[in-house]
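Hi there,

Here is the structure I promised to pass on to you. My notes follow below it.

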Amino acid sequence: MIISYDEFMRLDEYQDFINENPDMGTLKVQVFTAYGAIPISDTDILISKDIGSYRVVFFRGRTDSSGIISDIKLPAPPIELVPNPDVPPKYTLYDLSAIHIGYESIKQYSIGMFGGVSIIQYVKMNPEIDMNEENSNAN
């Protein structure tokens, strides 16, 4: 079942989730084509996570004219100031989906978020190629 983060906050599962993720990480998404030369505006960005029997949507928005969405706050575990080299740092995985008509099918990424850390996720989109259109021009 797909629910919003606001709906999730009213459920019993929320308390367990927030106890494990009491801090916030920040995500910036940058969408482009042509090896970063051309930003893609109006790309739909969806940040979600499976928690129990729910698919929780934490963020939904569109990139600006620079192909960017910034300052997306996501719950995450606090990062240890003196990490133990034998134990990997804790993080929370989120799923990012990017959709834009006229570009290849949905791009999906898994993003590890750490509390107090800003993450940049680059999303490379390739234009869709209509094979029928190419073949009709060849004749």
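Let me start with a question: which side chain meets Glu 104 in a salt bridge? The partner is Lys 107, with an N to O distance of 3.2 Å. A salt bridge here is a side-chain nitrogen of Lys or Arg within 4 Å of a carboxyl oxygen of Asp or Glu.

Before going further, a word on the source: this is a predicted model, where local features need pLDDT of at least 70, side-chain atom pairs count only at pLDDT 80 or more, and totals for chains, interfaces and linings use all residues. Residues are numbered from 1 along each chain as its sequence is written, and side-chain values use heavy atoms, leaving out hydrogens and water.

**Salt bridges**

By the rule above, the count comes to five salt bridges. The areas themselves come from the Shrake-Rupley method with a 1.4 Å probe, and for residues only the protein chains shown count as cover.

Lys 107 sits in strand β8 (residues 107–113). Strands (E, at least two residues) and helices (H or I, at least four) are DSSP runs, numbered from the N terminus. A polar atom of the Lys 107 side chain also lies 3.2 Å from the backbone oxygen of Lys 124.

Another of the salt bridges joins Asp 95 to Arg 55, with the closest N and O atoms 3.0 Å apart. This pair links distant parts of the chain: Asp 95 belongs to strand β7 (residues 92–99) and Arg 55 to strand β5 (residues 54–62), 40 residues apart. Asp 95 is partly exposed at 24% relative accessibility, and Arg 55 is partly exposed with a relative accessible area of 24%.

Asp 50, in strand β4 (residues 44–51), comes in here as well. Its side chain makes a polar contact with the side chain of Arg 55 at 2.8 Å. A polar contact is a pair of N or O atoms within 3.5 Å; within protein, one must be able to donate a hydrogen and the other to accept it, and residues adjacent in sequence count only if both atoms are side-chain atoms. Asp 50 is 44 residues from Asp 6 in sequence, and the two are 15 Å apart in space, C-alpha to C-alpha.

There is also a salt bridge between the side chains of Asp 71 and Lys 73 (3.1 Å, N to O). Lys 73 is partly exposed, at 46% relative accessibility.

**Backbone angles**

Asp 71, found in strand β6, has a phi near 60°, a positive value in a residue other than glycine. Asp 42 likewise has a positive phi, of about 60°, although it is not a glycine. Most residues other than glycine have a negative phi. Asp 42 is in the loop between β3 (38–39) and β4, and is partly exposed at 44% relative accessibility.

**A buried threonine**

Thr 63 is placed in the loop between β5 and β6 (68–76). How is this residue classed, buried or exposed? Thr 63 counts as buried, because its relative accessible area is 2%. The Thr 63 side chain has a polar atom 2.8 Å from the backbone oxygen of Ile 40, and reaches the backbone nitrogen of Thr 43 at 3.0 Å.

**Charges on the surface**

Asp 12, Glu 13, Asp 16 and Glu 20 form a negative surface patch. Patches are made of residues with over 30% relative accessible area and no salt bridge; like charges are joined within 9 Å, and nonpolar side chains (Val, Leu, Ile, Met, Phe, Trp, Tyr) within 5 Å. Lys and Arg count as positive and Asp and Glu as negative, with His and the chain ends not counted. The place of a charge is taken as NZ of Lys, CZ of Arg, CG of Asp or CD of Glu. Glu 20 lies in helix α2 (residues 12–20) and is exposed, with a relative accessible area of 57%.

Finally, Glu 80 is in the loop between β6 and β7 and is partly exposed at 45%. Glu 80 and Ile 68 are 12 residues apart in sequence and 29 Å apart in space, C-alpha to C-alpha.

Best wishes

Technical notes. Buried means under 20% relative accessible area, exposed over 50%, partly exposed in between (1.4 Å probe, protein chains only).
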